[in-house]
Amino acid sequence: MQGRALAPMIWIFALCMIALCMTLPARKVSGQNAAAQTHARLYDPYPPGILPSDLNAEIERVRRELRVLEGRALERWYGLQPPILTGQPPTLQNTGTEAIETLGELMNYDQNISPNKNRACSFCHMPYAAFSGPIPSVNLTMIAYPGTVHFRAGKRTAQRYTYSPFFPVLQYNRVQGLFFGGNFFDSRSTGYLLRNPDAEQAQHPPVDTGEMGFPDTACIAFRLSQAEYRPLFEQVWGKGLFDIKFPPETERICDTPGGAATFAGSATPIPLTPEDRTRSNIVFDRWGQSIDAYEQSLQVSAFSSKFDTFLKGSYKLTADEMTGLKLFDGKGNCNSCHLDGRGTTLKRGQTDTGAAATVNPLFTCFGSANEGLPLNPRDAIYYQTTPDSYGFTANPYGFGYRDLGLGAFLRSAFGSAPNPNASWTQYATSTDGQMQVTTARNVAMTPPQCPTTEAPGPYFQKEFFHNGYIKSLKQLVHFYNTRDKYKYNVTSGHCPAGTTEKVDCWPMPEVRNNIDMTTGNLGLTDKEEDQIVAFLLTLTDGYTRPYPNSDTYTGTCMTGGSAKTQGNESLIPTPKLPACATAICGVEPVPNPIP
Amino acid sequence: MPIQRLVIKLVMAVAASGVLRSVPAATQVSAAKEKAALVRITQGPEIERADPEFAIVRWTSNNPGGSPEHYGVVRYGTDPTKLDQTAKSPIRLNPAHSYTVFRVRLDGLKPATTYYYKVEATEANGKSDRMPSPVRQFTTPR
């Protein structure tokens with residue numbers, strides 16, 4: 001009796017289990033390795049107050065948002081029309097563009113592309129911030145984002161993706177005596193191999209020890225070979241690239257962050273045959289190119305701002321916006337580097353009726369400049385001076401680190417990447433301190449519910465320039481306007497009594513070499529500064545149509561205070577600075593003077 | 001086996017060549033302004049600020065044209081007949097402007113010292129704008 005009664009229950013149980021299994025996805029795109037950080041001790045070399053108190057909660061918040069974005073990308077993939085491969089060269093007729101853009105989108109939000117399966121590219125670059133840093137408290141404090149190992153971090157702010165694909169291959173123009181192009185603040189992603197700096201840029205963070213942190217580029221091929229969207233990869237790039245005999249230890253190696261002592265400095269700890277290594281390298285290139293396709297698409301570089309509508313002739317700038325534009329082109333001289341494509345120079349009382357020289361101006365000259373930013377002592381890089389549990393030390397030089405930007409790259413010095421062109425090295429001294437001139441487009445983009453970057457808000461706290469020293473657009477314009485007028489021979493946190501840092505006291509530059517003197521004492525009034533800010537707001541995409549995925553922010557807005565002193569409550573005194581480390585300032589040709 | 005390897009390498013090379021593609025021609029270097037026939041200082045040179053160990057020299061000229069990147073150059077010294085020190089700072093020309101403001105930082109000065117100086121400007125490659133300059137002087141504060 002008893003057995004007869006149990007039989008139907010066993011069947012029901014079995015059917016339930018089968019149904020449950022069917023509801024589970026074959027394999028989530030991004031892993032949920034919640035216990036990843038328990039594998040290693042937390043790395044916390046920071047003095048109290050350097051890491052923001054809400055850091056763990058904010059990390060998890062961004063990871064939740066990433067899963068939403070990943071879900072949308074999957075839906076987009078599922079909705080693609082069937083491919084038709086035709087012609088010579090073979091082309092995915094009608095569907096190819098969207099296919100490669102969607103592939104890049106899937107890759108961008110895939111948290112499996114990190115040893116602990118907890119970081120995607122977009123972790124530091126979320127759409128609602130124009131693909132820059134998504135955590136207000138990080139932007140306010142440590143400025144660099146925590147990577148796959150908690151809490152290793154980088155050294156600079158997360159640069160916006162928008163319009164980065166339009167930068168040309170890094171070149172030295174002999175006639176003009178200048179470098180143009182590349183990606184990253186120090187232009188170290190030159191595009192010399194792929195002929196596309198943005199695609200090469202996308203190759204760096206997955207193997208950057210402070211970011212996604214794989215120990216070997218072959219880990220990208222390994223994890224992509226397991227990805228749910230592998231069929232899309234093979235549809236776009238062809239089959240066969242994943243025919244790689246990964247040895248059994250690959251999983252263990254790829255689960256271990258780069259820089260671990262166990263790798264003894266090897267960049268290729270996964271033993272592959274030369275042929276498999278080549279295949280893996282090709283997959284790595286395809287990774288970069290796919291992400292570039294996404295970043296160049298209207299999903300990211302949208303050309304949908306108020307200013308674009310103005311150029312088309314169907315939007316009339318308000319009085320403040322127009323005055324701001326005139327100042328941007330005139331007294332502020334901003335468009336000497338942030339080229340706006342205008343064909344005319346306006347005089348007082350004139351209306352801009354000239355035809356645009358360029359109808360899709362990118363608001364950059366693709367050059368580099370040293371704007372003389374003070375050293376930001378909150379930058380996480382200064383504190384990572386001791387080994388983590390893997391035996392890796394990000395910065396053995398502490399405050400002996402100096403960010404020489406392009407100059408450091410040209411020397412292949414500590415903190416940058418190998419320079420592939422020896423003929424460029426001679427220009428290191430004339431480029432020390434220079435950082436790439438970022439496009440001004442989308443500098444003001446924030447999540448819709450926090451509609452501004454500026455206090456009192458409600459605002460979304462961003463960070464500006466390479467080291468995040470500047471916290472509002474008002475401060476940014478005020479810095480250009482008064483850097484030399486209010487220059488003090490002090491470091492940050494030590495402005496004299498009676499002055500206010502960032503208002504009427506600017507600390508000394510971190511690198512005083514090659515400081516750009518186009519700006520620094522522009523003579524703008526307080527109102528004129530505000531009008532330039534008003535103009536900058538017209539460069540935010542999403543005016544003509546909603547900016548894709550900008551609705552995904554689930555954090556909070558900040559309120560109160562003034563844009564002039566925004567973030568000043570987080571200032572800390574810069575310690576006495578030791579000499580610049582030999583690994584940076586001792587590399588030929590040595591900087592003159594040594595910062 | 002060597003032939004097989006050769007075939008594999010050939011296939012990989014062909015595949016790799018497909019990787020290469022160009023970025024859209026997007027070079028947006030600011031248009032160079034035609035080189036001015038005559039460059040003249042219209043204001044200055046003068047001292048924008050002088051600290052005990054630091055000064056900024058400032059002057060305005062008609063737009064010299066040429067390469068967008070220019071250097072303002074200050075020759076200076078404590079002897080008016082021997083301006084044996086040089087400071088130079090980069091500035092970016094605005095092709096649409098009729099005038100150009102040059103500003104140059106002088107670091108490492110001595111307090112309470114009189115300096116003599118004259119100015120010039122060059123294109124990025126060092127070619128002079130031929131901008132005649134008077135010799136002026138200033139004294140750093142104590």
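Author: Begin with contact: two residues are in contact if their C-beta atoms, placed from the backbone, lie within 7 Å. By that rule Leu404(A) touches Asp432(A), Gly433(A), Val511(A), Ile584(A) and Pro591(A), leaving out residues up to four places away in sequence. This is a predicted model, in which local features need pLDDT of at least 70, side-chain atom pairs count only at pLDDT 80 or more, and totals for chains, interfaces and linings use all residues. Residues are numbered from 1 along each chain as its sequence is written, while chains are lettered from A and ligands numbered from 1 in the order in which they are written.

Reader: Why does Leu404(A) count as buried?

Author: A residue is buried if 20 or more other C-beta atoms lie within 10 Å of its own, exposed if 12 or fewer, and partly exposed in between. Leu404(A) is buried because it has 33 C-beta neighbours inside 10 Å.

Reader: Which residues have the most contacts inside the largest nonpolar core?

Author: Such a core is a set of buried Ala, Val, Leu, Ile, Met, Phe, Trp, Tyr and Cys residues joined through C-beta atoms within 7 Å. The largest has 137 residues, and Leu103(A), Ile220(A), Leu536(A) and Ile584(A) have the most contacts inside it. Apart from it lies another core of 22 residues, including Val73(B).

Reader: What stands opposite Val73(B)?

Author: In general, strands of a sheet pair through backbone hydrogen bonds, parallel or antiparallel. Strands are DSSP runs (E, at least two residues), numbered from the N terminus, and two pair if DSSP finds at least two bridges between them. Opposite Val73(B) is Glu120(B) in S6(B). Strands S3 (residues 69-77) and S6 (residues 114-123) of chain B pair in the antiparallel sense over 8 bridges.

Note on methods. Helix = DSSP H or I, 4+ residues; strand = E, 2+ residues; numbered from the N terminus.
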